[in-house]
Amino acid sequence: MRDKIVAGNWKMNNDLAQAEDLLSKIKNNWSGGGGVRVIVAPSFTNLYHAFESLRETSVEVAAQNMNENESGAFTGEVSAQMLTSVGVKTVILGHSERRAIYKETDELLAKKVDAALKNNMEVIFCCGEELNDRKSKNHFNVVKTQLEKGLFHIPTNAWDKIVIAYEPVWAIGTGETASPEQAQEMHAFIRKTVSEKSGEEIANQVAILYGGSVKPGNAEEIFAKEDVDGGLIGGASLKAEDFLSIVQAI
Ligand SMILES: O=C[C@H](O)COP(=O)(O)O
């Protein structure tokens, strides 16, 4: 039985007061259960507060990024050890905004994955094609390469720390969602690719989340697909009501 996961990626939104408000609404309106893992990923400045605020709940806290080094002269960066020291056990790596805006390469992401695993952290590894890739029918190749270069070097026994998030770039923050069939098609492809690399048992266990304009109105039909194990939610995770409605949809 695979994990069902709904993770809210707040991106660069919410100052402390706004974060407090959102966290308390989530806390007061989600009692856990249903076999769903609920995760919030605030900005670095709100991580410690989020961990403390959610301590008595089943809601988990993730970081949106981290540096691949242990410590040192890397101005503005945050290490895995720093994250774990404030209670963070999960990190999102390879988000398309990190790849596109901050030029994070597959090779760099492989190092970040290693650093996270070394610190016993779980990784939500993002992959996904741009619109041109899909139009030129190159989307499967793009996703396969991202996985091969960024993730597939890990040892077999590390797979229980991996969640994959498929996020077609053309569907992020655009209001345009991949159809449930498009999501299922790619998720099945990802699972097959993992199976070829690391075996069927691992492929059947790894949770694959969909991200890209998931809203309360479309979550249920996307989550109903066989290989979709939940969602990585951006915009809709900033309103507790919408986020929890998406959680309910699973
Ligand atoms: O990490 C989340 C994704 O980028 C999806 O964002 P979105 O739900 O605002 O499209």
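Beyond its neighbours within four places in sequence, N9 is in contact with A41, Q64, I92, L232, I233, G234 and S237. N9 lies in strand β1, which covers residues 4–9. The model is predicted. N9 is also among the residues closest to the ligand, together with I172, G211, G234 and G235. The sections below go from the ligand site to the annotated residues, the core and the whole chain.

**Ligand surroundings**
- In total, 14 residues surround the ligand.
- By class, this shell holds eight polar, five nonpolar and one charged residues.
- Two of the closest residues, G234 and N9, are also in contact with each other.
- I172 and G211 are both among the residues closest to the ligand, and both touch E167.

**Annotated binding site**
- An unreviewed UniProt entry gives the annotation "binding site" to N9, W10, K11, G173, S213, G234 and G235.
- These positions span 227 residues in sequence, yet no two of their C-alpha atoms are more than 13.9 Å apart, so they gather at one spot.
- N9 counts as buried because it has 26 C-beta neighbours inside 10 Å, and the cut-off is 20 or more.
- K11 sits in the loop between β1 and α1, the helix of residues 16–29.
- K11 has 17 C-beta neighbours inside 10 Å, so K11 counts as partly exposed.
- N9, G234 and G235 carry this annotation and are also listed among the residues closest to the ligand.

**Annotated active site**
- The unreviewed UniProt entry marks H95 and E167 as "active site".
- They are spread over 73 residues of sequence but cluster in space, with a largest C-alpha distance of 8.3 Å.
- H95 is found in the loop that runs between β4 (90–93) and α4 (96–101).
- H95 is buried, as 28 other C-beta atoms lie within 10 Å.
- Leaving aside neighbours within four places in sequence, H95 is in contact with Q64 and C126.
- E167 occupies the loop between β6 (162–166) and α8 (180–198).
- E167 counts as buried, because it has 26 C-beta neighbours inside 10 Å.
- Not counting residues up to four places away in sequence, E167 touches S96, C126, G128, I172, G211, G212 and L232.
- C126 is in contact with H95 and also with E167.
- Q64 is in contact with H95 and with N9.
- L232 touches E167 and is in contact with N9.

**Nonpolar core**
- The largest nonpolar core has 71 residues.
- A7, A62, V91, I124, F125 and I164 touch the most other members of this core.
- Setting aside neighbours within four places in sequence, A62 is in contact with A7, I39, A41, V88, T90, V91, I92 and I124.
- In soluble globular proteins, nonpolar side chains tend to be buried together.

**Whole chain**
- The chain has eleven helices and eight strands.
- A compact globule of 250 residues would have a radius of gyration near 18 Å, and the chain agrees with its 17 Å.
- Along its principal axes, the C-alpha trace spans about 45 × 45 × 35 Å.
- Buried residues account for 42% of the 250 residues.
- Of the contacts with a separation of 6 or more, 71% are between residues 24 or more positions apart.

Methods
Residues numbered from 1 in each chain as written. Predicted model: local features only at pLDDT ≥ 70, side-chain atom pairs only at ≥ 80, totals over all residues. Near = placed C-beta within 6 Å. Nonpolar A, V, L, I, M, F, W, Y, C, P; charged D, E, K, R; others polar. Helix = DSSP H or I, 4+ residues; strand = E, 2+ residues; numbered from the N terminus. Rg over C-alpha atoms; globule rule 2.2 N^0.38 Å. Buried ≥ 20, exposed ≤ 12 C-beta atoms within 10 Å, placed from the backbone. Contact = placed C-beta atoms within 7 Å. UniProt positions renumbered as here; feature names shortened; annotations may be inferred. Core = buried A, V, L, I, M, F, W, Y, C linked by C-beta atoms within 7 Å.
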